[in-house]
Amino acid sequence: VANAARVSRGAEAGLYSGLSVKKLERDPNQHITVTIVLYNTIKGGVPRKADVVAAIDDMENLYDACNWRGNLADDGANFMKDELKVKDLIDISTKLATQPNCK
């Protein structure tokens, strides 16, 4: 039996009290980056060939649903490889100071 799984650590999967911003608006100057992690579990610990094929098909379907498919090194990703400017470094430093990483 193969399953898709949600993996969490600790007693809670996460706390979510809802959005504080009621009207969301994306900054058109910012790029969207998405990281997706898929976990699959197998009862007995040994996947069948069909289980592996199904997991690969899930990933391929996710890729196919995207507007662009490629790697960061590809020319198609040039839109997000601008040279870092002094203002960028200042913005990054400000963000790190005002929005520290949760521990």
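Among contacts in the chain (heavy atoms within 4.5 Å) between residues at least 6 apart in sequence, 56% join residues at least 24 apart. The model is a predicted one, in which local features need pLDDT of at least 70 and side-chain atom pairs count only at pLDDT 80 or more, whereas totals for chains, interfaces and linings use all residues. Residues are numbered from 1 along each chain as its sequence is written, and side-chain values use heavy atoms, with hydrogens and water left out.

The secondary structure comprises two helices and two strands, where helices (H or I, at least four residues) and strands (E, at least two) are DSSP runs numbered from the N terminus. Along the sequence these elements follow the pattern β-β-α-α. The predictor's confidence in each residue, pLDDT, runs from 0 to 100; its mean over the chain is 79, and 81% of the residues reach 70 or more. Confidence is lowest in strand β1 (residues 2–5), with a mean of 61, and highest in α1, with a mean of 90. Where pLDDT is low, the predicted coordinates should not be read in detail.

Of the 103 residues in the chain, 3% are buried, a class defined by a relative accessible area under 20%, with exposed meaning over 50% and partly exposed in between (1.4 Å probe, protein chains only).

Asp-51 lies in helix α1 (residues 49–64) and is counted as buried because its relative accessible area is 10%. The side chain of Asp-51 reaches the backbone nitrogen of Arg-48 at 2.9 Å, a distance that falls under the definition of a polar contact (a pair of N or O atoms within 3.5 Å; within protein, one must be able to donate a hydrogen and the other to accept it, and residues adjacent in sequence count only if both atoms are side-chain atoms). Arg-48 also forms a salt bridge with Asp-51, the closest N and O atoms being 3.0 Å apart.

Four salt bridges are counted, each being a side-chain nitrogen of Lys or Arg within 4 Å of a carboxyl oxygen of Asp or Glu. Arg-69 pairs in this way with Glu-60 at 2.7 Å, N to O, and with Asp-64 at 3.2 Å, N to O. Shared partners join Glu-60, Asp-64 and Arg-69 into one network. Within this group, Arg-69 is partly exposed at 43% relative accessibility, Glu-60 is partly exposed at 31%, and Asp-64 is exposed at 54%.

A nonpolar surface patch of about 820 Å² is made by Ile-32, Val-34, Ile-36, Leu-38, Val-52, Ile-56, Met-59, Leu-62 and Tyr-63. Patches are made of residues with over 30% relative accessible area and no salt bridge, like charges being joined within 9 Å and nonpolar side chains (Val, Leu, Ile, Met, Phe, Trp, Tyr) within 5 Å. One of the patch residues, Ile-36, is placed in the loop between β1 and β2 (39–42), and Ile-36 counts as exposed because its relative accessible area is 54%.

How values were computed: Areas by Shrake-Rupley, 256 points an atom, 1.4 Å probe, with all protein chains shown as cover.
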